[in-house]
Amino acid sequence: MIQFSRVGPRPRVRRAALCAAVLVLAAVAGCGGGEERKKEEPRQAGHASHGAARGVPQGLPGMPPLLDPNDLYAADRPNMLSPVVKDFPSRVYVPNTESDTVSVIDPKTYKVIETIPVGEQPQHVVPSWDLKTLWVNNDRGHTLTPIDPATGKAGKPVDVHDPYNLYFTPDGKYAVVMASMDRELVFRDAHTMKRMKTEPVNCLGVNHADFSPDGRYFIVSCEFSGELLKVDTARMKVIGKQKLPFDGAMPQDVKISSDGKTWYIADMMADGVWVLNGDRFTEPWLMPTGKGAHGLYVSRDSKSMYISNRGEGSISVLDLATRKLVHKWELPDGGSPDMGGVSADGKVLWLSGRYNSEVYAIDTTDGHQIARIHVGDGPHGLAVYPQPGRYSLGHTGIFR
C-alpha cells in the first residue's frame, strides 16, 4: 500500500484551471480515478420520527428529531448545554501529533494547565455521541484514548486500527472510524468500539464527514485522491462517488449548512470550499476563500461559517444565507490555522496552529486575535468542550 505521511507539510502539486467537466485522473494506482461516477440513490422520504414536531422530515430510525427543520444547529445556541455536560469544566483539548500528547488549555486564563501522554500520532479529540467521553484518535498507535471530561483524566486505551478520524451515526448506535491508510470506513459499536462492519472504499485518504438533515446519508472527503463519497447510513454502504473537478484537489473538512440544503467541503489545494448539493450529488462548484482552506465551523446563531485558511494564516467568514464571503480575518504574525471549534458562548473561535506549535483564540465579533498559546508539536484536531448540543456526530464537535 502506498503510504502518505500525516505529519508535516504536504508537497504542493501542479494545479490546473477549473475544468467544465470532472477530470478523471488515475494519478495514484488503485484509487479508482478512472471509474465513472456511480449513480447515487435518491434520498429516502419517510414517516415522522417518534416525538418529531410537525413538519420535521423523517429521520434515521432512533435519531433524535430536529428541533427546527429549517436550522440543523438550533440546539447549539450560546450556553445551551445538555444536562449531561453542564457541570463539566470548560477546557480546550489539543492533540499534538508529533509530541504524542494532549495539551489542556483553560479558556479563562488562556494557559496550558496539563499535558496528557497518549498514543502515537494523535490526530483529533472527538466527543462521543452521548457526550460523556472524549476520544483521542491515536492514528499510528492504533488506539483510542478515552478522556473523562468531568475529571480530565485519561483512561485505558482501546485497540482500534488506523483511527485517523471518528464520527457517530445520528441514532447513536455506531462509531464510524475513518481508517485512512486502511482505505476503509469501519462501523463499530459506539460504546465498546467492537467492529460491526467494514466498508472498503476505492479512494485514498478518507478524512472528514457530515450527515444529512435526516441522518440517512453522509458525505465523506478523500483527501489523497481528491474524491467525495456518499454513504447510506443504515446500510453502511457507499452509494455514490465522484472526482472533484480540480487537478490536485485535496478535500478536507465537510460541513452542511444550517438550512440543510448545501454542503461545503474545504480544499487545501484548490484554496477554497466546494459547494455541493448532497441529495443530488451532482458536480460541485468552487468558492475561493484563501490559501490552504481547511476547517469549517458554524457560528452559534447559525448565520455564519468560519473557514480556516491554513496556508495563509487567515479565517474567512461566510454568510450562509447569501453564500457570500463577508470578512477575512488575518492572524497577526501569520500562522497555520487548522482545526478547532467555537466556545460555548460563541464569542471565541479556537484553532490549532498545525505547523507553529500553537493555538489561536480569535474573537468572533471582529476577528482580532485574543491569544496565541504555545503547545506541543503538530497540534491538529482540537476540541472545545463542553459545547451546546444534545448529541455529537463526532470530529472535533458536530453537535445537533
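Q252 sits in strand β17. Strands here are DSSP runs of E with at least two residues, numbered from the N terminus. Q252 is buried, at a relative accessible area of 1%. Buried means under 20% relative accessible area, exposed means over 50%, and partly exposed lies in between, with a 1.4 Å probe and protein chains only. Leaving aside residues up to four places away in sequence, Q252 touches N207, H208, S221, E223, I265, A266, M268, A293 and H294. Contact means heavy atoms within 4.5 Å.

The model is predicted: local features need pLDDT of at least 70, side-chain atom pairs count only at pLDDT 80 or more, and totals for chains, interfaces and linings use all residues. Residues are numbered from 1 along each chain as its sequence is written, and side-chain values use heavy atoms, with hydrogens and water left out.

**The sheet that holds β17**

Strand β17 belongs to an open sheet of four strands, in the order β17-β18-β19-β20, with antiparallel pairing. Two strands pair if DSSP finds at least two bridges between them. The edges are β17 (251-256) and β20 (285-288); each has a single partner strand, so one side of each is left without a neighbour in the sheet. On average, neighbouring strands of this sheet are turned by 25 degrees against each other, direction ignored. Axes are lines fitted to C-alpha atoms, for helices over the stretch in contact, and angles run from 0 to 180 degrees between N-to-C directions. Strand β19 (residues 272-276) runs antiparallel to β20 and is joined to it by four bridges. V275 has W285 in β20 as its bridge partner.

Another open sheet has the order β21-β22-β23-β24 and antiparallel pairing. Its edge strands are β21 (293-298) and β24 (324-330), each pairing on one side only. The twist averages 25 degrees from one strand to the next.

| Strand pair | Bridges | Residue pair |
|---|---|---|
| β21 and β22 | five | V298 and M305 |
| β22 and β23 | six | N309 and S314 |
| β23 and β24 | six | S316 and K328 |

Two of these pairs are hairpins. β22 and β23 have four residues between them, and G313 in that turn has a positive phi of about 70 degrees. The hairpin of β23 and β24 also has four residues between the strands; there R323 takes a positive phi near 60 degrees. How many residues of strand β23 are buried? Five of the six are, so β23 (residues 314-319) is largely enclosed by the rest of the structure.

**A buried loop glycine**

G119 lies in the loop between β3 (111-117) and β4 (122-127). Is G119 buried or exposed? G119 is buried, with a relative accessible area of 17%. Beyond residues up to four places away in sequence, G119 touches D100, N138 and T145. T101 is 18 residues from G119 in sequence, and their C-alpha atoms are 7.6 Å apart.

**Nonpolar cores**

In soluble globular proteins, nonpolar side chains tend to be buried together. A nonpolar core here is a set of buried Ala, Val, Leu, Ile, Met, Phe, Trp, Tyr and Cys residues joined through side-chain atoms within 4.5 Å. The largest such core has 53 residues, and M178, V206, F218 and L229 have the most contacts inside it. Strand β14 (residues 217-222) gives the most to this core, with five residues. Apart from it lies another core of 15 residues, among them F88, Y93, V118 and Y385.

**Aromatic rings**

The structure holds eight aromatic pairs. Rings of Phe, Tyr and Trp (its six-membered ring) pair if their centres lie within 6.5 Å; planes under 30 degrees apart count as stacked, over 60 as edge-to-face and the rest as tilted. F88 and Y385 form a tilted pair, 6.3 Å centre to centre with 35 degrees between the planes. This pair links distant parts of the chain: F88 is in the segment before β1 (91-96), Y385 is in strand β29 (residues 383-385), and they are 297 residues apart. F88 is buried at 15% relative accessible area, and Y385 is buried at 1%. Ring pairs link F88, Y385 and F399 into a cluster.

Elsewhere, K230 lies over the face of Y217, at 4.4 Å from the ring centre. A charge sits over a ring if NZ of Lys or CZ of Arg is within 6 Å of the ring centre and within 35 degrees of the ring normal.
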